[in-house]
Amino acid sequence: MRRLMTFSCEGETLAATLDEGAGGTGLLIVSGGNELRIGSHRGMAELADALTVEGVPVFRFDRRGIGDSTGENGGYTSSGPDIAAAARAFRKAVPHLTRIVAFGNCDAGTALALHHDGAPIDVLVLSNLWAFEELAADTPPPAAIKARYLERLKDPRALWRLLTGGVDIAKLAKGLRTVATAEVAPVGELAERIAQGLERFGGAVTLLSCRRDNTAILFREAWKSDRYAALRARLPYHECDSASHSYQHPPDKAWLRDRLLAAIA
Amino acid sequence: MFADYDWARGREAMVCLGPADAPVVALALPPFEEANRLRTFAMGMLRALAERGIASILPDLPGTGESRIATTDAVLEDWRQAFADACEAAGAVAALTIRAGALVDAAAPVELRWRFAPQDGASLVRELIRVRQANAREEGTTFDAAEIDADGPPIPIAGNILSRPLLRALRAAAPEPALGLRTVRLESDAQPADIKVPGSPLWRRAEPGDERTLALVLADDVAAWLAREGVACAA
C-alpha cells in the first residue's frame with residue numbers, strides 16, 4: 001500500500017509518501033538537490049517499489065520549500081530538522097518499526113553525514129558524497145585552463161551540472177582535470193566536517209560510489225587522504241562500475257537496490 | 001492535503017488545497033522532467049489561489065508522479081480520461097494547465113480552460129528527440145528520430161523510458177480549441193496570448209529563481225479571470 005501523508009517541521013507542513021512493509025527495518029530516503037520525493041525520472045518512487053516487494057517499509061519526503069511541502073528551501077545545509085522530523089514521522093506511521101536505515105545520494109548523503117544528530121536513525125547508506133568546495137572568487141586562473149571552463153566553474157548552476165552528470169568531464173580539456181583535482185581543493189572544510197559527522201555517528205555506515213561519477217571522483221580524493229584513514233579502515237565502501245550520478249541505468253538501479261537490501265538485513 | 005480519485009481504469013492520488021466551500025480548479029502539469037521542475041512553483045500558485053478563495057486539485061495522472069503505473073506504460077488517452085474524471089470527482093469549474101499539460105484538458109467537464117505557455121505535442125517530442133540525440137553523441141552513437149515510427153522497445157530519454165506509441169500520440173497532439181479559453185505566455189514568447197507576463201522559462205531549469213513572483217502574478221490572473229467569468233470565490 002502506498003500512502004501519502006503530511007508531518008510537521010518547524011511549523012511547516014511537509015509531504016511524504018509511505019510504502020508499507022511488514023519488516024521491522026525501514027528505509028528513509030533523503031532527496032538530493034532540489035528533487036521531489038519521487039526523484040528524477042520517478043527513480044526514488046521506483047526504488048521504493050523494488051524494496052516494498054521485499055517487505056521493507058519505505059518513507060520519502062519533500063523537505064521544506066520543495067514539491068508539495070510549505071516553507072522556504074534552504075538547501076541541504078539546513079535540512080537537518082527536516083530529516084529528524086521525517087524519521088520521527090516514519091516511526092509514528094509504522095508502529096512496528098524498530099530500526100531506520102537512511103539513504104542519501106550526493107548532497108543528501110552529505111546532509112545525513114553532517115546533520116544526523118538527534119534524528120532517530122540507526123544506519124546510514126551514503127552515496128556519491130558531495131564534498132566540493134566552491135572556487136574562491138579571487139582565485140587566479142591557472143595558465144593551462146581555458147577561460148570558458150573556468151567561467152563555467154564559477155557559475156553554481158553549471159558547476160552543479162558538471163558534477164551531477166550533465167557533462168562528461170573526461171571529454172573536457174586536460175586543464176579542467178587539473179582544476180578539479182588540484183586547484184579547487186576538494187579536500188577542504190566540507191570534507192573535514194563530513195569526516196567528523198561520520199565519526200560522530202553511533203551506528204553502521206556504508207559508503208557507495210559510482211566509479212566514473214564526477215562527484216564521487218572528487219570525494220574519493222578526500223577518502224584517500226590521511227584524514228580519512230581511520231574511517232577507511234572501518235567503513236565498507238562499495239563501488240559501482242558506472243558513470244551515472246543517480247543510478248539511472250537498470251544495472252545500476254539493481255546494484256543500488258542490492259546494496260540497500262544488504263544494509264537493511 | 002491528499003486524497004484519492006477514481007478514474008475509468010484505476011485510482012490515483014491528488015493534492016487538494018483551499019477552503020472547503022470554494023470553487024475548485026484542476027491543474028495539469030506537463031509530463032516528464034518538466035513536471036519535476038515545475039511542481040514546487042505550481043504548488044506555490046495553488047496556495048496563492050487558496051488565499052484568494054479558490055480551491056484546487058493537482059491529480060497525479062496514471063503513469064506519472066506517485067502512480068504505481070510505470071512511465072513506460074503511460075498512455076496519453078489515459079491521462080486525458082483520468083484528468084477528466086478527477087475534474088468530475090472534485091466538481092472543478094476550470095482546468096488550469098502549464099506547458100504540455102494543455103494536451104490533456106480537452107475531455108475535462110469544464111467550461112473554462114486557462115493555459116500557461118501551452119506547448120503542442122510536436123514541439124514537445126522535438127525537444128525530447130534533441131535531448132536523446134545529444135545523449136547519443138556523448139556516448140559516441142546516434143539516434144534516428146524515425147525510430148519513433150518503427151515498432152520496438154521503449155526509448156530511454158533523459159532517464160525516462162518512453163514507449164513509442166506514447167511518443168507518437170504526443171507528437172500528433174495539440175492543445176484543443178475551446179470556448180472559455182484564456183492563454184497566458186511570457187513576454188519573451190512570441191506566440192499569441194491573451195496576456196503576456198514578465199518572467200523566465202523556469203521549465204528549463206531545476207533551480208528555483210523568480211518562481212514565487214511569477215506564481216503570484218499567475219494566481220492573480222486566474223482569480224481575476226474567474227471573477228470576470230462569474231465564478232464566485234469563497235470569502
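Predicted model: local features only at pLDDT ≥ 70, side-chain atom pairs only at ≥ 80, totals over all residues.

A residue counts as buried when its relative accessible area is under 20%.

**Chain A overall**

- Chain A has 10 helices and 8 strands.
- Take the contacts in chain A with a separation of 6 or more: 70% of them come from residues 24 or more positions apart.

**Helix α1 of chain A**

- Helix α1 of chain A runs over residues 43-52, and it is largely enclosed by the rest of the structure because 7 of its 10 residues are buried.
- The buried ones are A:Gly43, A:Met44, A:Ala45, A:Leu47, A:Ala48, A:Leu51 and A:Thr52.
- What do these buried residues of α1(A) pack against? Their partners in chain A are the strands β1 (2-9), β2 (12-19), β3 (25-30), β4 (58-61) and β5 (99-105), plus the helix α10 (250-264).

- α3(A) is mostly covered, with 8 of its 9 residues buried.
- Those buried residues are A:Asp107, A:Ala108, A:Gly109, A:Thr110, A:Ala111, A:Leu112, A:Ala113 and A:Leu114.
- α3(A) packs with helix α7 (residues 189-200) of chain A at an angle of about 60 degrees, and the two axes are 7 Å apart.
- Angles between 35 and 65 degrees count as oblique, so α3(A) and α7(A) are oblique to each other.
- The crossing of α3(A) and α7(A) is left-handed.
- On the α3(A) side, the residues that meet the partner helix are A:Thr110, A:Ala113 and A:Leu114. On the α7(A) side, they are A:Leu190, A:Arg193, A:Ile194, A:Gly197, A:Leu198 and A:Arg200.
- Sorted by type, the residues in this contact of α3(A) with α7(A) are 5 nonpolar, 2 polar and 2 charged.

- As background, most residues other than glycine have a negative phi.
- A:Cys106 is not a glycine, yet its phi is positive, at about 60 degrees. Look for A:Cys106 in the loop between β5 and α3 (107-115) of chain A.
- Is A:Cys106 buried or exposed? A:Cys106 is buried, since its relative accessible area is 3%.
- A:Tyr247 is not a glycine either, and its phi is positive at about 55 degrees. A:Tyr247 sits in the loop between β8 (237-240) and α10 of chain A.
- With a relative accessibility of 4%, A:Tyr247 counts as buried too.

**A helix pair in chain B**

- Over in chain B, helix α1 (residues 33-51) and helix α5 (residues 211-228) have axes that come within 8 Å and cross at roughly 45 degrees.
- That angle makes α1(B) oblique to α5(B).
- The crossing of α1(B) and α5(B) is right-handed.
- α1(B) brings B:Thr40, B:Phe41, B:Gly44, B:Met45, B:Ala48 and B:Leu49 to the contact. They meet B:Glu211, B:Leu214, B:Ala215, B:Leu216, B:Leu218, B:Ala219, B:Val222 and B:Ala223 in α5(B).
- The residues in the contact of α1(B) with α5(B) split into 11 nonpolar, 2 polar and 1 charged.

**A glycine in a chain B loop**

- B:Gly65 is in the loop between β4 (55-59) and α2 (76-90) of chain B.
- B:Gly65 is buried, because its relative accessible area is 13%.
- Which residues does B:Gly65 touch, leaving aside its neighbours within four places in sequence? B:Gly65 is in contact with A:Ile38 and A:Arg42 from chain A, and with B:Asp60 from chain B.
- B:Gly65 and B:Pro31 are 34 residues apart in sequence, and their C-alpha atoms are 9.5 Å apart in space.

**Cysteines**

- How many disulfides does the structure hold? Over all chains, the count is 0.
- A:Cys210 is in no disulfide, and the nearest cysteine sulfur, from A:Cys240, is 4.8 Å away. At 0% relative accessibility, A:Cys210 counts as buried.
- B:Cys16 is in no disulfide, with the nearest cysteine sulfur, that of B:Cys87, 12 Å away. B:Cys16 counts as partly exposed, as its relative accessibility is 29%.

Definitions and conventions: Residues numbered from 1 in each chain as written. Chains lettered and ligands numbered in written order. Heavy atoms only, no water. Disulfide = S-S within 2.5 Å. Buried < 20%, exposed > 50% of the residue type's maximum accessible area, 1.4 Å probe, protein only. Axes fitted to C-alpha atoms, helices over the stretch in contact; angles between N-to-C directions. Helix = DSSP H or I, 4+ residues; strand = E, 2+ residues; numbered from the N terminus. Parallel < 35°, antiparallel > 145°, perpendicular 65-115°, else oblique. Left-handed = near helix turned anticlockwise from the far one by under 90°. Contact = heavy atoms within 4.5 Å. Nonpolar A, V, L, I, M, F, W, Y, C, P; charged D, E, K, R; others polar.
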